[in-house]
Amino acid sequence: MTSTNPVPSGPGASYAAAGVDIEAGDRAVELMKEWVKKARRPESIGSLGGFAGLFDASALKRYERPLLASATDGVGTKVAVAQKMDVHDTIGHDLVAMVVDDLVVCGAEPLFMTDYICVGKVVPERVSAIVKGIAEGCVLAGCALVGGETAEHPGLLGPDEYDVAGAGTGVVEADAVLGADRVRAGDVVVAMASSGLHSNGYSLVRHVLLERAGWSLERHVAEFGRTLGEELLEPTRIYSLDCLALARRTEVHAFSHITGGGLAGNLARVVPDGLHATVDRSTWSPGAVFRTTGELGRVERAELERTLNMGVGMVAVVPPESVDAALALLGERGVDAWVAGEVTERGDRTEAVALTGDYAL
């Protein structure tokens, strides 16, 4: 049967002509290998290039009843800042932080991660820089980078555009799982300082500072002590090893990773029915980037607090007798921490968490 569709003249179609460069992808893999090697654990099996990452599960035999924990996340529109600044070796650090700090909330030790990098055009050096950040983040988190995927999507993303996502797996002993069922009236809320915005709320921050205020990323901001771009690209703090040390060396009832939804929204996830957590704003002063965003955008405090972390990246809920040891241990590990509130009976209050007072100046 003869086709009635006319055949275009000229050279035949190819994957490269469609915008996908296989050779560039191969080059990217070669460049990233040195970084992936740095993010290994003794249980890591094989090398980069297989269809699946392998991890020796016999290491779990030391557990009585090991529970696997899984988390996946991305870094949102923070990637847009990295792309505009042409700085790509920190965004992977953010990705690891967003995943492993979710895992550790239940007390799980992060074991391994995989990543997914979607690009408009494979630039090997750029992809390698992203993976470098992921590998360095894994080292800081104590987990292995066992594999990943780089996909080229011409037509869907511009040549300089990309997005990243990752998934992680951890393990925790069944009788050591942390969470709301352990929290009791009288417990103390210990706040751990964030390194900055972390990886949430960038749509609001970019709208206020870049669009409404018209600031450039190269603008030096005296309150920040550096350029706007440098402030916005400050890597998300990775708390996983600090939290694991805390859980192993003193009593912890729950952790809460402060991400989208803010301090009150995320702390509420580990406050059980019948109890209430009060957090006193006067116990800390949010960093300049939070104040500047609020002032320039005339953003209401409630809106800021449910969008940004306001200077608190992780919270531990501990019994009163563990407070001093917890603060001392975190201080030894270089984590600024303080008593921010307490847990009480809820009584006739409807909300699980209330923020009270005014931030310290």
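**Why is it called that? A talk about loops and helices**

Mentor: Let's start with Asp86, which is in the loop between helix H2 (78–85) and H3. Helices (H or I, at least four residues) and strands (E, at least two) are DSSP runs, numbered from the N terminus. This is a predicted model, in which local features need pLDDT of at least 70, side-chain atom pairs count only at pLDDT 80 or more, and totals for chains, interfaces and linings use all residues. Residues are numbered from 1 along each chain as its sequence is written, and side-chain values use heavy atoms, with hydrogens and water left out.

Trainee: Why does Asp86 count as exposed?

Mentor: Check the cut-offs: buried means under 20% relative accessible area, exposed over 50%, and partly exposed in between (1.4 Å probe, protein chains only). Asp86 has 55% relative accessibility, so it counts as exposed. There's something else here: just after H2, Asp86 takes a positive phi of about 60°, although it is not a glycine.

Trainee: And Val87, how do you know whether it counts as buried, exposed or partly exposed?

Mentor: Val87 lies in that loop between H2 and H3 too. With 28% relative accessibility, it falls in the middle class, so Val87 counts as partly exposed.

Trainee: What does Val87 touch beyond its sequence neighbours?

Mentor: Leaving out residues up to four places away in sequence, Val87 touches Ala82, Tyr162 and Leu233. A contact here means heavy atoms within 4.5 Å. Val87 and Arg126 are 39 residues apart in sequence, yet their C-alpha atoms are 8.7 Å apart in space.

Trainee: What makes you say H2 is mostly covered?

Mentor: Six of its eight residues are buried, namely Lys78, Val79, Ala80, Val81, Ala82 and Gln83. Their cover includes H3, E6, H5 and helix H6 (228–232).

Trainee: Back to positive phi. Where is Met310, which has one too?

Mentor: Met310 is in the loop between helix H10 (301–307) and strand E12 (312–318), and its phi is near 55°.

Trainee: Why is Met310 called buried?

Mentor: Because its relative accessible area is 6%, and the limit for buried is under 20%.

Trainee: How about Leu178, why is that one called buried?

Mentor: Its relative accessible area is 10%, so it goes in the buried class. Leu178 belongs to the loop between strand E6 (162–173) and strand E7 (188–193). Setting aside residues up to four places away in sequence, it touches several others, among them Val105, Cys106, Ala247 and Phe255.

Trainee: Now the helix pairs. How are two packed helices described?

Mentor: By the angle between their axes and the distance between the axes. Axes are lines fitted to C-alpha atoms, for helices over the stretch in contact, and angles run from 0 to 180 degrees between N-to-C directions. Helix H3 (residues 91–103) and helix H4 (residues 124–141) pack at an angle of about 40°, with axes 6 Å apart.

Trainee: Why is H3 called oblique to H4?

Mentor: Angles under 35 degrees count as roughly parallel, over 145 as roughly antiparallel, 65 to 115 as roughly perpendicular and the rest as oblique. An angle of about 40° falls in "the rest", and that makes H3 oblique to H4.

Trainee: Which residues of H3 and H4 meet?

Mentor: From H3, they include Ile91, Leu95 and Val100, and from H4, they include Ile130, Ile134 and Ala141. The residues of this H3 and H4 contact divide into nine nonpolar, four polar and no charged.

Trainee: To finish, how much of the protein counts as buried?

Mentor: Of its 361 residues, 52% do, in a protein with eleven helices and 14 strands.

Terms used:
Nonpolar A, V, L, I, M, F, W, Y, C, P; charged D, E, K, R; others polar.
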